[in-house]
Amino acid sequence: MALTPTRRDLLAGAAAAIGAPSASVTASQSYPVFRALAARRGLLWGSAVEPQVMDADADFAALVRRECAVLTPENAMKWNALRPAPGQFDFSAADRVVALARAQNAYVHGHCLAWHEAMPDWLMQALNPSTGRELLTGHILSVVSRYAGQVRSWDVVNEGVERADYRPDGLRASPWLKALGPGYIDLAFHTAHEADPRARLGFADYGLEYDDVRWMVEKRCAMLIMLKGLLARGVPIDALALQGHLDAARPPSFGPGLGEFLDRVADLGLEIYVTELDVSDQTIPGDPAARDQVVAGVYHAFLERVLRQPAVRMVNTWGLADRHTSKTTFFPRADGQPVRPLPFDADLQPKPAAFAIAEVLTGAY
Ligand code: XIL
């Protein structure tokens, strides 16, 4: 790790980073400033954002500005956003994310170049073994070169390992794999590297977090084998990204298994990112205050384990405040209560999760 701050440094940093609310974000209590707390330990803190939400909600944008050293486009750099029709590009939303990041002196984490979802219908129809190479490389060259020097890191392949597809190599039988074979992964990374040799290139996936979920433990093995293969073939990969979509209904089994997995990834010389951290309270009982405590405990347990590994260099939550979370639509509660998966609430006030995160970041636990 570049920075090895002492405990005294960390606490001094924490004090400096806890402050009174700015005029545009009202709060009745002191609040944690993630970007400052994280920076003290050589870590980048960020969030996924939607540019149209940032532009429509000035208070929320101010919160993002205060908290985030990285912005990840939640949807704006996916194929279905960038590629309305064959041969056409629409960079408007993606450009807006880059501009917002620049305006708040934040980096951009690009998401994502090859994924089995968010593929427009025209692409699904056009993609086959004879067109696949040109479609994949053409897209990556155009997009990555456009943002060369402006996007610090990319999720090059997203969710490319899937045990339930029962391939011996553990890879997901995605449309890209069906068209191009497993070599689509190498091709995507080589092409991204060619388009921007300075960008950090990552492989992102879910289901690597919990020690007590058998398929996740198995997926860690498949992931390590795949990563070793990439490195042995000289594929330019810099990082593994754990998405970090956590579930408050599960015991927070982020134990030695996760720690050892991260150690093995670090031993390969890779950086580690957490790119989509949130904690679903979709199915847990209780009033909001009770649920917030459970959610906070999950954030704390996860980060406490993950941040022990110095190769972890970036953490992005999947949204910042419960006011704007795609979980409202995709994972609603059966009782009709709003979901509360993020560190700040619908009024942009810090929740117990925000203080739990600050506690782990400062080492004050
Ligand atoms: C989700 C977004 O949050 C939604 O707004 C969108 O409708 C679908 O995609 N894994 C990923 C993310 O890598 O891109 C997904 O984001 C959530 C799961």
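How near do the axes of helix 12 (residues 256–267) and helix 13 come, and at roughly what angle do they cross? Select both and look: the axes come within 9 Å and cross at roughly 40°. Axes here are lines fitted to C-alpha atoms, for helices over the stretch in contact, with angles from 0 to 180 degrees between N-to-C directions.

Before going on, a word on the model. It is predicted, so local features need pLDDT of at least 70 and side-chain atom pairs count only at pLDDT 80 or more, while totals for chains, interfaces and linings use all residues. Residues are numbered from 1 along each chain as its sequence is written, and side-chain values use heavy atoms, leaving out hydrogens and water.

**Stop 1: helix 12 and helix 13**

Helix 12 is oblique to helix 13; angles under 35 degrees count as roughly parallel, over 145 as roughly antiparallel, 65 to 115 as roughly perpendicular and the rest as oblique. Now select P256, L258, G259 and L262 in helix 12, which meet F302, R305 and V306 in helix 13; contact means heavy atoms within 4.5 Å. Helices (H or I, at least four residues) and strands (E, at least two) are DSSP runs, numbered from the N terminus.

**Stop 2: helix 13 and helix 15**

On the helix 13 side, pick residues including V295, A296, Y299 and L303; among their partners in helix 15 are P352, A356, I357 and V360.

**Stop 3: D196**

Next, select D196, in the loop between helix 10 (184–195) and strand 7 (200–205). Is D196 buried or exposed? With 2% relative accessibility, D196 counts as buried; buried means under 20% relative accessible area, exposed over 50% and partly exposed in between (1.4 Å probe, protein chains only). Show its surroundings too: D196 touches V144, Y147, A148, G149 and V151, not counting residues up to four places away in sequence.

**Stop 4**

Select C68, which is in no disulfide: the nearest cysteine sulfur, that of C112, is 19 Å away. C68 is buried at 0% relative accessibility, and C112 is buried too, with a relative accessible area of 1%.

Conventions: Disulfide = S-S within 2.5 Å.
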